[in-house]
Amino acid sequence: MNYIIEGAQELPIIGEYDVAVFGGGPAGVAAATAAAKTGAKTTIVERYGYLGGQATGGLVILLVGLTDGKERIIKGICKDTIKKIKQISRIEKIGPHILFDPEALKLVFDEFITENDIKPYYHTFLSNAVIYENMVSAAVIDGKSGRSVIKAKVYIDATGDADFSKYCGLSVLKENKENLLPVTLGIRAGGLDTEKVKTYINQNYEQYQNILKSLGLPINIGGWIPTLHKGEAWFNIAHAQNIDCTNTQDLTHAEIKTRKIVHKLIDIFQKEMPGFENGYLIDTSAQMGIRDSRRIKGMYLFSREDTDKTFDDAIARAPNYISNEQGSVQVPYGCLITRKMNNLIFAGRCISVEHELFDMFREIPCCMATGHAAGIAGALACKGKNEINVKKVDIKKLQSILMEQGAII
Ligand SMILES: Cc1cc2nc3c(=O)[nH]c(=O)nc-3n(C[C@H](O)[C@H](O)[C@H](O)COP(=O)(O)OP(=O)(O)OC[C@H]3O[C@@H](n4cnc5c(N)ncnc54)[C@H](O)[C@@H]3O)c2cc1C
């Protein structure tokens, strides 16, 4: 590869905060809200023009993993979110899961930001970090206004892909491309008789799977579900494998490939699926559905042996999918922080867990729960008189504020 040298530039510092959150997905919004509620001057930086990450732009419209099979294990800001969605829109319980409208969630997340006096920067991409010893001293951001800098006492990485790990030179856990979970372009289809579609898929499951297989699609992941709107459904089936979502060329390839698949699927469904005769494509997800990316190598790496353990630094719960009785596991704070960095916390799907257990921690409610804890920890870390160190946060205080804010640990 050839290189050029980009000249040194003076970058304007456009804001100084106690806590700066990068990535406005479910984890990031929960982190920013919690930090602000705990008294920190907070900002949130998001590359797209709306908040919600996969839960809005990815068309992932079902909250899964809220319970241990019986009881709710995730409340706090996640519960507040559900309550707020209900005030402006319908939700539907599907077994233990909750179906919602992604446009309602965008509005609710905007409200969290304004109500809690959080400074939002949408259309803004975190593109680098300035590091001094074990501290992030500035975050470099890019947007239509050019390149600039945000400074904070504590930085929270909720980018899903642990982008800070690249800028800070941290080691990460990332599967080889062939072992990464597929990426998916979400499909929203309208004009359907969803009851007939359901009957067809249930009664002709093999035939339905054969359609997917004929387009080279994996059938062990994804599915479909009617949305809250009459005649409308979300199909989570247009997958692409072997995609490294930290590689822009791979992402470009995935967009082109899956879009073509979506149109082929719609065409086949119109011809072959009863209930889809008058069906049409409403839209595809504004952002590629990314499940699996970089995960940090944290102070603690959660593995199979940990599912029965309790942790002194527990900050959240996650459903236990490897136990036959389900139940839940505790998430330790050590999974959110690294040995190297003193003012950087991670939240959401990039926390430090083994790949085989990853499904337990990557669903929207659990991402909100780790975000919730990260936000409070960030606020606490910048409150003390001592030098900032997220590894020295008073865990008892963190846990008691989490519980005051309705979380379950
Ligand atoms: C196809 C699919 C189906 C799924 N199905 C379900 C389901 O049914 N139920 C469920 O609960 N979960 C499901 N999940 C999992 C869940 O949606 C995600 O794991 C969860 O949304 C992760 O939350 P997060 O906040 O960690 O990351 P994300 O939702 O990915 O949010 C990250 C945010 O950071 C922003 N960002 C990234 N990089 C930068 C940057 N450099 N600068 C600025 N902003 C940046 C992104 O734009 C995004 O808004 C599914 C996921 C996929 C992909």
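1. **What we are looking at.** This is a predicted model, where local features need pLDDT of at least 70, side-chain atom pairs count only at pLDDT 80 or more, and totals for chains, interfaces and linings use all residues. Residues are numbered from 1 along each chain as its sequence is written.

2. **Overall build.** The protein chain comes to 9 helices and 18 strands (DSSP runs numbered from the N terminus, with H or I over at least four residues for helices and E over at least two for strands). Along the principal axes, the C-alpha trace spans about 65 × 55 × 40 Å. Of the 409 residues, 48% count as buried (20 or more other C-beta atoms within 10 Å of a residue's own; 12 or fewer is exposed, in between is partly exposed, and C-beta atoms are placed from the backbone). Of the contacts with a separation of 6 or more, 73% join residues 24 or more positions apart (a contact has C-beta atoms, placed from the backbone, within 7 Å).

3. **Around the ligand.** The ligand is surrounded by 38 residues, and the closest are G23, G25, G53, G160 and G348 (a residue is near if its C-beta atom, placed from the backbone, lies within 6 Å). Two or more shell residues come from each of α1 (26–37), β3 (62–63), β7 (125–132) and α8 (364–381). Helix α1 gives the most, with 3 residues. By class, the shell has 16 nonpolar, 14 polar and 8 charged residues (Ala, Val, Leu, Ile, Met, Phe, Trp, Tyr, Cys and Pro are nonpolar, Asp, Glu, Lys and Arg charged, and the others, Gly among them, polar).

4. **Helices α2 and α3.** The axes of α2 (residues 76–88) and α3 (residues 102–115) come within 9 Å and cross at roughly 120° (axes are lines fitted to C-alpha atoms, for helices over the stretch in contact, with angles from 0 to 180 degrees between N-to-C directions). On the α2 side T81, K84, I85 and I88 take part, meeting A104, L105, L107, V108 and E111 of α3. Those residues divide into 6 nonpolar, 1 polar and 2 charged.

5. **D101.** You'll find D101 in the loop between β5 (97–99) and α3. Leaving out residues up to four places away in sequence, D101 touches S89 and L228. D101 and L59 are 42 residues apart along the chain, with 9.1 Å between their C-alpha atoms.

6. **M341.** This one is in the loop between β17 (328–332) and β18 (344–346). M341 counts as buried, with 26 C-beta neighbours inside 10 Å. Not counting residues up to four places away in sequence, M341 touches N134, V136 and C168.

7. **Backbone angles worth a look.** Most residues other than glycine have a negative phi. A162 has a positive phi near 50°, and A162 counts as buried with 28 C-beta neighbours inside 10 Å. Q326 also has a positive phi, of about 60°, but Q326 counts as partly exposed, with 15 such neighbours.

8. **Helix α6.** Helix α6 (residues 205–214) is hardly covered, with 1 buried residue among its 10. G216 follows α6 and has a positive phi near 75°.

Definitions and conventions:
Contact = placed C-beta atoms within 7 Å.
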